[in-house]
There are 2 protein chains.
Amino acid sequence: DGKVKVEIPPTTMATGQRLQLEGATTFDEFGPAVAGHNLEVDPPSLNDLRPDWVRVGDALVASGISLPEPPLRIVRHVCDRMRGLSWKGRVVVAGERNRVGIVTVLPSSAPMLALAFDIGTTKIAGYLVDLDSGRTLARAGVVNPQIVFGEDVVSRIAHANRDPGSEALLRSRLLDALNDLARHLTVGYGDPSECIVDAVVVGNTAMHHFFAGLSVRQLGVAPYVPVTSSSHTEPAGELGLSFCPGASVYLPPNVAGYVGADHVSMLVAADILTRSGSVLALDIGTNTEISLKLGERLLSCSCASGPAFEGAHIRDGMRAVPGAVEHVRVSGDVFHVQTIESAPPVGICGSGILDAVAAMLEAGVVDKRGRFHGAHPSVRRRNGEPEFVLVAAETTGHGHDIVVTSRDVVEIQLAKGAIRAGIEILCRHAGIKSDELDTLVVAGAFGTYLDPSSAIRIGMFPSLPEHRIEQIGNAAGTGAVRMLRFGAERQTARSIGERSEYIELTTHPDFADVFTDELFFDAALGEESVTVAGSGGGSSNVTRNTPPSATNLR
Amino acid sequence: DGKVKVEIPPTTMATGQRLQLEGATTFDEFGPAVAGHNLEVDPPSLNDLRPDWVRVGDALVASGISLPEPPLRIVRHVCDRMRGLSWKGRVVVAGERNRVGIVTVLPSSAPMLALAFDIGTTKIAGYLVDLDSGRTLARAGVVNPQIVFGEDVVSRIAHANRDPGSEALLRSRLLDALNDLARHLTVGYGDPSECIVDAVVVGNTAMHHFFAGLSVRQLGVAPYVPVTSSSHTEPAGELGLSFCPGASVYLPPNVAGYVGADHVSMLVAADILTRSGSVLALDIGTNTEISLKLGERLLSCSCASGPAFEGAHIRDGMRAVPGAVEHVRVSGDVFHVQTIESAPPVGICGSGILDAVAAMLEAGVVDKRGRFHGAHPSVRRRNGEPEFVLVAAETTGHGHDIVVTSRDVVEIQLAKGAIRAGIEILCRHAGIKSDELDTLVVAGAFGTYLDPSSAIRIGMFPSLPEHRIEQIGNAAGTGAVRMLRFGAERQTARSIGERSEYIELTTHPDFADVFTDELFFDAALGEESVTVAGSGGGSSNVTRNTPPSATNLR
């Protein structure tokens, strides 16, 4: 159907594959953070006793390039390379604030290549960019190998805090995956240590800290402050990445412990600062980060929305792979499902469960409080709890019914309640009503495939005309690639970081009330106490002890 | 006799000892390149969500300290330490040109300690300095462990050039010795990685390059250009030294392939730039570096003077250890010798052989051309070659005669000829006569103990009144310590490097003539062709194939 998905091999890159090439795209405006200069240098002689480095430096100055004294390993590298290339090469220099320096010396005809990484809690995406043409030459994804230490950020932080060795192990696994991914992406271009001249790395605050070698301890305890929220331009070697000797890695700023550099990168991709009117941008995941831009203000928050939209904690939930129900439509009492690659259905992914619940609401299978109507022909009970048969066994790929249980509906209520509460609280701070937003930007894998009308139907999104809703895909990666192509976008990221006002929801005086209201599928209609019907007409309160909940994820 | 000698254990620091403390000395003027600031930071709370690093940065700004964004490992270190010290510590910052940053956070009461290293080809001297008081707390010396790969610089370069592994091995041995020396010097103060906040490292150009991880290949082939002659302030960790996380190492500039940072450091210690009149400063070793300052000019050269004054290539030569003849006086025909620590004589060290040859000249044992007078009662022949019995077997510590052979005299002629030729050529370039110099500064271990009247007697030094000759000791180390105590002296070093005009003697049109003239013990008297009397009145030309000679050392 024309959608491009990043392939995620089931294991880490040790067995990963090289991925598809993107279509050749060139860019009108273009200015990366590095520049190549072809340089010819006079060789030393008895009449010219200048040291190698002075010789190179003089030639650079003659070419209009003035650099402060570089680190000695760069001095050595440049002099060795210039001698090896018979004093003729392509000197790559980088300039970013007060960090100006020589990246490497390439053969005269060699391209300047760069990498962008988007480190997600679950998967890592990598992009190889040709800085001369601006083209993305390759992209690939791998599972974040830290997943063996815990599926979510909280359990990884807990694991890292056991002892310094555990923290180091989590970090080294991540670095190994990034270096592997770099080698896979550059197959055919040379070793990353010889061809990668620049890099941008984004991720949530915990992944940022793991990657940057910063302590994650304080991300696990209130008040969840990061070690740093600034943007950083760091030598790749210091971070443990084997790129060119003088290559730097740009890390955009974090906004808070649970609003990370990946969100900032998404905001860069969304052109948040240059848009007019009120713009709300959100990236839905286990934690959903939301930013609201209005005039000069930029408000941000994070909601613990749980992993339901990633297929977790849903009885028949699964990742968005072939056979997953990705869309559901209802006509009267008949439910139509669409699966990824039209494969026989074997489960439900995020966009599918969202559609399913919206359709169940539409068809009256559940009411606005999430209670099942036992009278519906497709509703049955198993072990005393009601469940809705979405796809009967005879048409599934595995011969079992695919169902939506009452517990699944609770998961969706919790998720949508948290997200909508975040939206409402930001709008209150900005003094606007959520259904008057000029633009709603939805990013992320789930955000790309969700049906906005379903999100509006269950009350996760405010009721907005469809044309005001933009789905921009995996925008954190797009933003990272953009910051490679356009060095100036790093200033945009920095401005976003500096301008952001972070609103902590867990201690916000209105949060509990708003969240409770928003647990209803249609808050405007909800007056009754919030309970979810379980077996035998009994009720279970939505506050539970098992994850995810609005509190115990934080 | 009140002289302080750096103890050199016979093996490397693996078995070395902690050395003597210097007397407590304080300094009136004092300003190291680092500064300590006691800092108290508000801890995070639910009402104060600033990231750790912002918190520390704000407190620094409030204390009037503004720093650019440091490397992430420093961010981590500072935040970890501040948390560990309950947000109260002594923040050490360093400022040197555009390299300003945080060195470490110490407990509030901890001292700021620094190290100076003088890496000689033969030995390495280390100094521990308390930057709060300016005191040198300890000093120690070890044999340069590279010595197993060759005694002189040329053979080490040749060894390093065999393959990258050999170069890496030479470097790692050196670094191991420096880290060992650092640990020995800081016994009682803590691990160097936690207490050393600053360092200065000097050495000849080859040692500088080995230490700095620069290629020494081009130092072994004409035109002997260094990779860099600039001064460098480099993170200690990048150089392989385990000091505080943000500690830097300052490396003064080199002047040329054979005029190194140790010579520049000596010129700093000699206050060369602020002296009036004509000042010639030299450091005598296997290579003797000479600089001449006159007005705004600073001329430098290097002479291949050989290892004779270090006791090598002298039949009964030895290092300056107890039992070495260090001074010789003649009264009529009677030679008086003085040994180090008045121990029974077992050999002759550099100052002793200089005195001995001067005394032999005085007593007519040799003539101005270096020919032996066979008629002298203490001159005999062994294997056909004449030799002078300086100490008869019955009074020596080992029961053998201590002699000065005709070959020994040739070695001294070659050494003094090279040194004096260098002096003469620099004076010619400056347009002055060498016997009109206002000041002659003599540095180095040998330079400390030599008797200037002997050096003048054999024509190694121009004939100057004794009060114009200053012996300043191991001034390279003194200069390095000074650059720790006074950060501003690093600018002096930089100025010396920038102002130096290097004169290459090997290709100098006058060198061969001047050198040949200066082989005579009294050039002003010499008219005849330069031959050295050997056995049976035969003569051997002074140009030989075995080291050291003026050419094959370069």
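Chain A holds 15 helices and 23 strands. Helices (H or I, at least four residues) and strands (E, at least two) are DSSP runs, numbered from the N terminus. This is a predicted model, in which local features need pLDDT of at least 70 and side-chain atom pairs count only at pLDDT 80 or more, while totals for chains, interfaces and linings use all residues. Residues are numbered from 1 along each chain as its sequence is written, chains are lettered from A and ligands numbered from 1 in the order in which they are written, and side-chain values use heavy atoms, with hydrogens and water left out.

**Chain A overall**

Of the 554 residues in chain A, 59% are buried. Buried means under 20% relative accessible area, exposed over 50%, and partly exposed in between (1.4 Å probe, protein chains only). The accessible surface of chain A comes to about 20700 Å². Carbon and sulfur atoms supply 49% of that surface. Areas come from the Shrake-Rupley method with a 1.4 Å probe; for residues, only the protein chains shown count as cover. Among contacts in chain A with a separation of 6 or more, 66% are between residues 24 or more positions apart. Contact means heavy atoms within 4.5 Å.

**Helix packing**

Two packed helices are described by the angle between their axes and the distance between the axes. In chain A, the axes of helix H1 (residues 52-62) and helix H2 (residues 72-84) come within 10 Å and cross at roughly 80°. H1(A) and H2(A) are therefore roughly perpendicular to each other. A:Asp52, A:Trp53 and A:Val56 of H1(A) make the contact with A:Val75, A:Val78, A:Cys79, A:Met82 and A:Arg83 of H2(A).

In chain B, the axes of helix H3 (residues 153-160) and helix H4 (residues 164-185) come within 7 Å and cross at roughly 130°. B:Arg156, B:His159 and B:Ala160 in H3(B) meet B:Ser166, B:Glu167 and B:Leu170 in H4(B). Axes are lines fitted to C-alpha atoms, for helices over the stretch in contact, and angles run from 0 to 180 degrees between N-to-C directions. Angles under 35 degrees count as roughly parallel, over 145 as roughly antiparallel, 65 to 115 as roughly perpendicular and the rest as oblique.

Which residues of helix H14 in chain B are buried? In this helix (residues 489-499), they are B:Glu489, B:Arg490, B:Ala493, B:Arg494 and B:Ile496. They cover an arc of only 155° around the axis, which puts them on the same side of H14(B). The arc is that of the directions from the helix axis to the C-beta atoms.

**Aromatic pairs**

The whole structure has 8 aromatic pairs over all chains. Rings of Phe, Tyr and Trp (its six-membered ring) pair if their centres lie within 6.5 Å; planes under 30 degrees apart count as stacked, over 60 as edge-to-face and the rest as tilted. Two of these pairs are tabulated here.

| Pair | Type | Centre to centre | Between planes |
|---|---|---|---|
| A:Tyr224 and A:Tyr258 | edge-to-face | 6.1 Å | 85° |
| B:Phe309 and B:Phe446 | stacked | 4.4 Å | 10° |

The tyrosine pair links distant parts of the chain, with A:Tyr224 and A:Tyr258 34 residues apart. A:Tyr224 sits in the loop between helix H6 (205-212) and strand E8 (232-235) of chain A. A:Tyr224 is buried at 16% relative accessibility, and A:Tyr258 is buried at 8%.

The phenylalanine pair also links distant parts of its chain: B:Phe309 and B:Phe446 are 137 residues apart. B:Phe446 belongs to helix H11 (residues 445-449) of chain B. B:Phe309 is buried at 6% relative accessible area, and B:Phe446 is buried at 9%.

**Backbone features**

Most residues other than glycine have a negative phi, and most peptide bonds are trans. A cis peptide bond joins A:Ala222 and A:Pro223, with omega about 5°. In chain B, a cis bond joins B:Ala222 and B:Pro223, with omega about 5°.

A:Trp87 has a positive phi, near 65°. A:Trp87 is buried at 8% relative accessibility. A:Ser342 also has a positive phi, near 55°. A:Ser342 is exposed, with a relative accessible area of 66%.

**A buried loop residue**

A:Leu437 lies in the loop between helix H10 (406-430) and strand E19 (439-443) of chain A. A:Leu437 counts as buried, at 0% relative accessibility. Beyond its neighbours within four places in sequence, A:Leu437 has contacts including A:Ser278, A:Leu292 and A:Pro462.
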